[in-house]
Amino acid sequence: MVITSGSALSRLRAPFGSGTAAGLSLFNTSRKVVAFLGDSTFYHAGLPGIINAVYNQHNFTLIILDNGTTAMTGHQNTPGNGLNANGPTVKMPIRQVLEGLGIKNIQEVDAYAQGKLREAVTAAVAEPTFSVIIAKHPCMLKTMRELRSTGKTLPPEVTINKDCSLHHDCVEAFACPTFQRDADGTVWVSKDLCIGDGSCKQTCPAKAIVSGTNSGKEAK
Ligand code: SF4
């Protein structure tokens, strides 16, 4: 069972994924409950649910999506950045906070390393205890905005080469909206949407997604 802050249930109470997961874990003894929480939500409202899970020894896996910013409200800093509206302040890394609560089963993985992330989730879900995965990767929207605002060249879009054998993992499993599928199954890249971060390349079993050969778009 998976709870996300965007699920129908939690849309009403967006920051309480960890608390909801704790309740659901009591009645899901044959399958592990997995909950998701963003890094900013972790600080502003996720902690009570986590403390509750530790204190009451609940059994679920929490995946914290740590993109280093508060993307949903306009890229404000979080306590994990060590910066507030007035400048530098005390930094509170997520892992340190979790360890301070006595949580032992913590894994930190680059969210773009699909294989390692899969291994981490599989291991965490197999453990009969509360476990946390911190899936880290900088917010790419913020990164692109910074590249544009400093006039730097943007990375080139990916392209799909002749090795494409229509597995459609890019469309169906990875689901980046950049990938478009025609009625005959042909997949193509929408250049207006692609930010060229290349995280999709590892998704294709045929290795048909490759970095573009253009030298990169000029920032607009
Ligand atoms: S490079 Fe990034 S934006 Fe472009 S298709 Fe791949 S994942 Fe999507």
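Strands here are DSSP E runs of at least two residues, helices H or I runs of at least four, both numbered from the N terminus. This is a predicted model: local features need pLDDT of at least 70, side-chain atom pairs count only at pLDDT 80 or more, and totals for chains, interfaces and linings use all residues. Residues are numbered from 1 along each chain as its sequence is written.

β3 (residues 60-66) and β7 (residues 131-136) run parallel over 6 bridges; strands pair if DSSP finds at least two bridges between them. β2 (residues 33-38) is also parallel to β3, again with 6 bridges. Gly38 bridges to Leu65 in β3. Helix α3 (residues 39-55) carries the chain from β2 to β3 in a right-handed β-α-β crossover (clockwise from first strand over helix to second, strands pointing away from the viewer).

## Burial and cores

7 of the 7 residues of β3 are buried (20 or more other C-beta atoms, placed from the backbone, within 10 Å of the residue's own). Phe60, Leu62, Ile64 and Asp66 point one way; Thr61, Ile63 and Leu65 point the other.

The largest nonpolar core has 25 residues. A core joins buried Ala, Val, Leu, Ile, Met, Phe, Trp, Tyr and Cys residues through C-beta atoms within 7 Å. Among the members touching the most others are Phe60, Ile63 and Ile133. Elements supplying at least two residues each include β2, α3, β3 and β7. A second, separate core of 8 residues includes Cys170, Val189, Cys194 and Cys204.

Terms used:
A residue is buried if 20 or more other C-beta atoms lie within 10 Å of its own, exposed if 12 or fewer, and partly exposed in between; C-beta atoms are placed from the backbone.
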